[in-house]
Amino acid sequence: MSTHSIAVIAGDGIGKEVVPAAIECLERIASIHGLDLAFTFFDWGSDYYGRHGRMMPVDGIEQLAKHDAIFLGAVGSPEVPDTESLWGLLIPIRREFQQYINLRPVKTLDGVSSPLEAKNPIDILIVRENNEGEYSEVGGRMYRGLPHETAVQETIFTRLGVSRAAHFAAGLAASRQGRLTSATKSNGIIHTMPFWDEVVAETVRQYPGVSVTHELVDALAAHLVLKPWTLDVIVASNLLGDILSDLGSSVTGSIGLAPSANLNPEGDFPSLFEPVHGSAPDIAGKGLANPVGQIWSGAMMLEHLGHPRSRRAPAGRVRIGPSCRSRHPRRRRNLLHVRIHRSRPDLHQRPHPGHSMTTAARAKRPVVAALYREALPPRLAEIEELAEVRLTKAEGLAKAMDGADVLYQWHSFSPALRENWDAASSLKWIHVTAAGVSQLMFDELAASDVTYTNSRGVLSTAIAEFALGFVLDMAKDSQGSYRLQQEQRWQHRTTRKVQGQSAVVVGTGSIGREIARLFRAVGMEVDGAGRTARPGDTDFGQVLSSRELAAVVHGYDYLVLAAPLTADTTGLVSTEVLNAMKPSARIINVGRGQLVDTPALTDALSSGSIAGAALDVVHPEPLPEGHALWSMENVIITPHMCGDTEDYLDDLGKLFLDNLKRYCNGQPLENIVDKALGFVPTSEPSLT
């Protein structure tokens, strides 16, 4: 059981009402997901100020530092100046604990009407630099009360402060749509804002998949009002982010429902979670306060503490129901209910993904049959916002596909679709959470007009890193060092340089290209091998024909396999190819085991025809106990894990979610598999 210590400061006004409701929710979720949340309550705020002349004790920061997170309600009272309430509690917490990121989601919610005429869904993350900028303490006042009284407040931007906010925002953008908007006012503020723009631009260049647009804050404010659904992630300075996030929340229907997180991303200090709304003394004590913003902040807290699944209610969506709401009768009438939709079957008919769709058609919710084995797919809450989801295991697939528009094959290598194809007559789109689909394709599916997408690209970076790791392990003889360490022998040896070594990568898709980029980054010379030869490729020096591999492989130090399995690539690395490799060459396979003739490879390794091999995939798989490859000192074997990073499941879920949004909006899908070829062509066919 995971245990977390939470410091709770209900604060002032409605904070004292919404915090208990949120804690009731958190305790309910904790009991379901096996969490132990230990709450410590602090009576700090304006009432404390009235008794002690300060918002918190002198050692308040030290007391809070003992906890994993801080859960704050609201601070502020007509009896206490804002400069005292803010700078006496919230600002010291943010700065002493280096909570340099203020993250505010801006999202439309079911049941909350937006003041905008257009009803497009809004889903924006606003990243506000939280420790410096316009809210500095540098400045002062002179000649108080005189006609020439003067006030000066300095804006402080540091390279560290701007770059770490930009890094955080770019990382979020990379995990979403790759679009980042930076708020600026560099046409009028000629020193600090151009500096902000330059540092943001420099930082974002480190994220190849992210593009940044610098937008003047007045134009961006108009953008937030006129077309907020076209924005994804916004990064802004302390002041500009404060204003824009409040505006964004208002555009979605109510600033009173918005959450926020004051983050120390590294986890060196506790982070603070609070709703955006204030203490609202005008309605405090009347049973009118809505706790959704506080509850949503609690969900962000759970995610920050490492429990992304438990941030959702048991049904898979954030839902404020009887177990989480106040028992006050007047307050219950004002709670927002975010419910799971149970639409009628006749509203689920969808056109083909490539067809244009009317507004009425887009309003219909598709039916998604989600095939899983043990663990449920991630991001279910977000998927259920767009579609009716029928979760099923293999034995229930036929029933789940009855009338379904989409099959989400989370259990990626299940044969259940082949076995139940007769029940798939209404399917228009199938998505599989794998890049290679050769094992899943069958004649009836290949001949159908069902659109088939895969998860190409999600695992590319992880697999490429694994391939580079194999190169480094073999070049530096890591296995030899480990054996000597186990024998406690100090034996000096020489190793091979990586820089200047050559590699040919078989497979020029997203994985192969990412491998080429990483190999080139360490000074290797890299060519590719694909279906057709072509010169002047952007990632490879040249692309050779894989059919001619035996004729060219002798010129390379490493043969890297990252191709999909097709009729043409099965057994590609044959005795002929292995005999053509130079004796010092090594083979790396991160593609499919069947790309290699395993007996021929075993013979080549045992005879010394090639120097070594690193195999993440083999055939047969798993490799049988007692197989000769297990005991070879020049072989590295890993159990088909090169793409499996700590967060890869969520990345797979996000890819499907993004494609589902395209489906619902009548836009072309990504990663469409050419079923005749068995993979996604480099130039994907358009469905428009």
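**Helix α8.** I listed the buried residues of α8 in this predicted model. They are Asn238, Leu240, Gly241, Asp242, Leu244, Ser245, Gly248, Ser249 and Val251.

I checked the length next. Helix α8 covers residues 238-251, 14 residues in total. From first C-alpha to last, α8 reaches 20 Å. At 1.5 Å a residue, 20 Å is expected, and the model comes close to that. Just after α8, I noted a positive phi of about 135 degrees at Gly253.

**Helix α5.** I ran the same check on α5, residues 159-175. Its 17 residues should span 24 Å at 1.5 Å a residue. The end C-alpha atoms are 24 Å apart, so expectation and model agree.

Which residues of α5 are buried? I wrote down Gly161, Val162, Ser163, Arg164, Ala165, Ala166, Ala169, Ala170, Leu172 and Ala173. Arg164 is on that buried list. These buried residues pack against β4 (101-107), β5 (123-129), β8 (179-184), α6 (192-204) and β10 (233-236).

**Helices α1 and α9.** I moved on to a helix pair. Two packed helices are described by the angle between their axes and the distance between the axes. Helix α1 (residues 15-33) packs on helix α9 (residues 292-304) at about 40 degrees. Their axes lie 8 Å apart. An angle of 35 to 65 degrees falls between roughly parallel and roughly perpendicular, so I logged α1 and α9 as oblique to each other. Their crossing is right-handed.

Which residues meet there? From α1 I listed Val18, Val19, Ala22, Cys25, Leu26 and Ile29. From α9 I listed Gln294, Ile295, Gly298, Met301 and Leu302. The contact divides into nine nonpolar residues, two polar and no charged.

**Ile283.** My last entry is a loop residue. Ile283 sits in the loop between β12 (271-275) and α9. Is Ile283 buried, exposed or partly exposed? Its relative accessible area is 23%. Buried would need under 20% and exposed over 50%, so Ile283 counts as partly exposed.

I looked up its contacts, leaving aside neighbours within four places in sequence. Ile283 touches Ile14, Glu17, Leu288 and Ala289. I also took one distance: the C-alpha atoms of Ile283 and Glu84 are separated by 22 Å. Along the chain these two are 199 residues apart.

Notes: Residues numbered from 1 in each chain as written. Predicted model: local features only at pLDDT ≥ 70, side-chain atom pairs only at ≥ 80, totals over all residues. Heavy atoms only, no water. Helix = DSSP H or I, 4+ residues; strand = E, 2+ residues; numbered from the N terminus. Expected span 1.5 Å × (residues − 1). Buried < 20%, exposed > 50% of the residue type's maximum accessible area, 1.4 Å probe, protein only. Contact = heavy atoms within 4.5 Å. Axes fitted to C-alpha atoms, helices over the stretch in contact; angles between N-to-C directions. Parallel < 35°, antiparallel > 145°, perpendicular 65-115°, else oblique. Left-handed = near helix turned anticlockwise from the far one by under 90°. Nonpolar A, V, L, I, M, F, W, Y, C, P; charged D, E, K, R; others polar.
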